[in-house]
Amino acid sequence: MSWFDCVELGPPIEVFQLTRQFTEDDFPQKVNLGVGAYRTDEGKPWVLPVVRTAEKALANDETLNKEYLPVLGLETFSAASSRMLLGADSAAIAENRAFGVQTLSGTGALRVGAEFLARHLDKTVFYFSKPTWENHRLVFLNAGFKEAREYRYWHPESRALDIEGLLEDLRNAPEGAVVILHACAHNPTGCDPSHEQWAQIADVVKQKRLFPFFDSAYQGFASGDLDKDAWAVRFFVERGFEIFCAQSYAKNFGLYNERTGNLTVVSSNLANVAAAKSQLTLTIRGMYSNPPSHGARIVAHVLNNKELFEQWRGNIKTMSSRIIEMRKRLREALEALGTPGSWNHITDQIGMFSYTGLNEAQSLHMVQKHHVYMLKSGRISMCGLTPTNVGYVAQSIHETLTT
Ligand code: LMR
């Protein structure tokens with residue numbers, strides 16, 4: 001008899017299960033298009049050169065020690081992060097109505113923010129896009145939210161945004177509900193609203209007094225330009241909304257395992273900032289006490305140094321250009337094979353992912369027959385494509401759709 005006899009086996013986490021299956025697979029032409037992690041043309045993980053430079057500088061800085069960081073993290077990091085998101089000329093920053101809190105990557109920012117909203121604003125209902133990153137639901141429910149609801153996002157027939165469905169679902173939301181919005185490079189569809197569509201979304205958010213919680217995991221990855229990719233968040237802030245925004249440095253700095261993130265908070269009233277900070281301090285203190293320093297020091301070192309900042313922008317360009325090139329090549333290869341269907345969505349979509357349009361059975365077939373690992377939703381990570389394997393992947397899609 002064990003205390004744990006009552007514990008039921010939970011479902012596997014698809015994206016990490018795929019990585020494991022891929023690693024164990026000894027098929028020579030196997031391809032991992034599962035996890036969203038950047039790979040070089042050789043299919044290798046990439047430590048950004050600017051990160052190496054920063055790490056060397058930090059290693060040689062004898063003034064740094066291993067003392068605890070403050071509960072809300074490294075101030076030079078969180079302030080620079082919020083500035084990068086909201087813009088150097090942000091009125092909210094100038095008026096001290098906006099601030100950042102260092103978190104355990106974007107996921108930690110979502111979790112801390114969601115717990116704060118559930119505990120202090122009595123929020124119970126949250127909305128997420130259909131489809132969304134598979135973890136949104138779990139993070140918010142674990143943080144104390146009671147009801148997870150979807151808003152329509154993807155229109156499979158047109159392989160584009162279902163803006164009418166989205167607006168209708170948000171119009172039917174209960175007043176005050178929290179709505180998770182992808183700041184840019186929507187995961188998994190690679191399809192973002194246009195500026196006009198964002199304005200329509202903002203109107204409904206205002207009408208229904210919804211609380212916008214942005215998830216910004218790909219700043220720099222959508223357009224290759226940090227400012228352009230922050231457009232939606234800045235637009236909401238300029239229109240006077242109070243927002244939360246979870247920022248991740250996993251992708252744009254390649255700091256996947258350093259768990260480096262920031263929760264940017266924008267209040268409309270400076271008078272509320274001290275209380276919000278004090279409660280966020282208690283939320284974090286009760287969760288993991290205080291954050292680790294290494295990743296935050298790297299990011300702070302780069303964001304606060306003009307020359308390194310430029311280098312970083314160059315590194316982002318390298319990554320985003322390679323992905324764009326792979327989109328072109330995959331589309332060309334499919335069109336050259338005469339694979340049924342249209343493939344313009346591969347190059348129309350942006351960011352790390354492409355929603356191929358393959359259904360669940362076809363996606364499973366890709367894994368089982370061709371050893372091309374992809375999510376059953378049909379999502380592929382463009383980063384896993386290389387000049388060497390793109391032909392094989394196209395052939396595999398072709399075979400899957402024609403037999
Ligand atoms: C992904 O979507 O593949 C990544 O964000 C990894 C993860 O944590 O799911």
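**A walk around helix α10 and beyond**

Visitor: Which residues of helix α10 (residues 231–238) are buried?

Guide: This is a predicted model, where local features need pLDDT of at least 70, side-chain atom pairs count only at pLDDT 80 or more, and totals for chains, interfaces and linings use all residues. Residues are numbered from 1 along each chain as its sequence is written. Helices (H or I, at least four residues) and strands (E, at least two) are DSSP runs, numbered from the N terminus. Buried means 20 or more other C-beta atoms within 10 Å of a residue's own, exposed means 12 or fewer, and partly exposed is in between, with C-beta atoms placed from the backbone. In α10, the buried residues are Ala232, Val233, Phe236 and Val237.

Visitor: Which residues surround the ligand?

Guide: Near means that a residue's C-beta atom, placed from the backbone, lies within 6 Å of the molecule. The shell divides into three nonpolar, three polar and no charged residues. Its members are Val15, Val35, Gly36, Trp133, Asn135 and Asn187.

Visitor: What is omega for the cis peptide bond that joins Asn187 and Pro188?

Guide: Pro188 lies in the loop between β7 (178–182) and α8. Asn187 is also one of the residues around the ligand. The omega of its cis bond to Pro188 is about 20°.

Visitor: Is Arg209 buried or exposed?

Guide: Arg209 sits in the loop between α8 and β8. Its phi is near 50°, a positive value in a residue other than glycine. Because Arg209 has 11 C-beta neighbours inside 10 Å, it counts as exposed.

Visitor: What is the mean pLDDT of the chain?

Guide: pLDDT is the predictor's confidence in each residue, from 0 to 100. Here 100% of the residues reach 70 or more. The model scores ipTM 0.92 and pTM 0.97. The mean pLDDT of the chain is 97.

Terms used
Nonpolar A, V, L, I, M, F, W, Y, C, P; charged D, E, K, R; others polar.
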